[in-house]
Amino acid sequence: MDFCGIVKTGKDEGKEKHVPHITIDKGHKEGKDIVRVVVGHEVPHPNTMEHHISWIEPYGVKQDNRVINLGRAAWAPVYSNPNVRFQINQIGEFKAFHALAYCNIHGVWENSLEV
């Protein structure tokens, strides 16, 4: 099996919302650009010990198609929510952003945003 058989997208969505929602806030503060990733943007994802989002990883695709891992955020279930912001330097060098999110029951989900 390859990754396309493991990673789910919006077309695979069920009752809960697992797809990471990506937004960009340009010039948020002192010229700093923010990429925000939220799971459960429209409908909250469960956040219990038994069912929760464990982590989010954002990636940037540069103009020359190099993929850059921009970081990782992980949560303790119940006490924190899957809503993160990453300050991106030189955001103009990127043509797209992608995010992966992991639900402990339903696996890995992805989404993309072209800029």
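Begin by selecting Gly10, Glu13, Lys17, His18, Val19, Pro20, His21, Gly40, His41, Glu42 and Asn111, which line the largest pocket; a pocket here is an open set of points on a 1 Å grid over the protein atoms alone, where a 1.4 Å probe fits, with protein on both sides within 12 Å along at least five of seven lines, and lining residues have an atom within 4 Å of a point. The space in this largest pocket is about 160 Å³, a volume filled by probe spheres set on the points, which are joined across faces, edges and corners. This is a predicted model, in which local features need pLDDT of at least 70 and side-chain atom pairs pLDDT 80 or more, while totals for chains, interfaces and linings use all residues. Residues are numbered from 1 along each chain as its sequence is written, and side-chain values use heavy atoms, without hydrogens and water.

Next, select Trp55 and Tyr102, whose ring centres lie 5.8 Å apart with planes at 15 degrees, so the pair is stacked (centres within 6.5 Å, using the six-membered ring of Trp; planes under 30 degrees apart are stacked, over 60 edge-to-face and the rest tilted). Trp55, at 16% relative accessibility, counts as buried, whereas Tyr102, at 28%, is partly exposed (buried is under 20% relative accessible area, exposed over 50%, partly exposed in between, with a 1.4 Å probe and protein chains only).

Then move to Phe94 and Phe97, a tilted aromatic pair with 5.3 Å between centres and 35 degrees between planes; Phe94 and Phe97 are both buried.
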